Amino acid sequence: LGAPDEWIEKLATLYWFTIEFGVCMEDGELKAYGAGCISSIKELENCVSSNSKKLPFEVENIVTTSYPITTIQPVYFVAPSFAEAKRKVMEWAQQIPRPFTAHYNPYTQSVELINKRSNCVKMIRDLANEMKTLEDAVMKLVD
């Protein structure tokens with residue numbers, strides 16, 4: 001949403017190495033979470049074997065890495081955990097220059113643009129209501 005053209009290729013590459021061919025550590029073992037890895041037995045075997053190159057999950061390196069689209073992947077970027085991969089991607093995405101701010105609304109399951117004062121006021125009111133609900137719940141808790 002709103003990414004300049006020069007960032008689109010970076011986003012596509014990041015998608016490739018996460019959503020399609022993402023791998024991470026879990027309980028000391030290498031685990032695949034990318035759809036391309038888990039939908040192909042050959043790719044899955046390759047991503048956990050010593051036949052493929054494993055690099056640390058650093059988004060700045062990922063987005064500049066070329067990749068084949070018709071063969072088994074020669075390289076995977078390994079995150080210390082799925083949560084860490086998510087954190088790093090979200091942190092990197094904050095750098096994308098955009099003319100507006102976007103917000104995911106979990107209630108409507110949609111992305112809302114915060115590009116007008118009225119959008120900001122609505123979001124502040126919604127957050128204030130959520131905080132009141134949370135405060136009420138905390139006050140009812142017994143230590």
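The model is predicted, so local features are reported only at pLDDT of at least 70 and side-chain atom pairs only at pLDDT 80 or more, while totals for chains, interfaces and linings use all residues. Residues are numbered from 1 along each chain as its sequence is written, and side-chain values use heavy atoms, with hydrogens and water left out.

Helices (H or I, at least four residues) and strands (E, at least two) are DSSP runs numbered from the N terminus. Helix 5 spans residues 82–93. Its twelve residues reach 16 Å from first C-alpha to last, close to the 16 Å expected at 1.5 Å a residue, where the expected span is 1.5 Å times one less than the number of residues. A85, K88, W92 and A93 are the buried residues of this helix; buried means under 20% relative accessible area, exposed over 50% and partly exposed in between, with a 1.4 Å probe and protein chains only. These four lie on the same side of helix 5, because they cover an arc of only 135 degrees around the axis, taken from the directions from the helix axis to the C-beta atoms. A83, K86 and E91 are exposed on the other side.

Among the buried residues is a lysine: K88 counts as buried because its relative accessibility is 15%. Its side chain makes a polar contact of 3.0 Å with that of E58; such a contact is a pair of N or O atoms within 3.5 Å, in which, within protein, one must be able to donate a hydrogen and the other to accept it, and residues adjacent in sequence count only if both atoms are side-chain atoms. Beyond its neighbours within four places in sequence, K88 touches F57, E58 and V59, contact meaning heavy atoms within 4.5 Å.

The largest nonpolar core holds 23 residues, with F57 and W92 making the most contacts inside it. Such a core is a set of buried Ala, Val, Leu, Ile, Met, Phe, Trp, Tyr and Cys residues joined through side-chain atoms within 4.5 Å. Strand 4 gives the most to this core, five residues.

Strand 4 is largely enclosed by the rest of the structure, because five of its five residues are buried. V75, F77 and A79 point one way, and Y76 and V78 the other. Strand 3 runs parallel to strand 4 and is joined to it by four bridges, with L55 partnering F77.

Technical notes. Two strands pair if DSSP finds at least two bridges between them.
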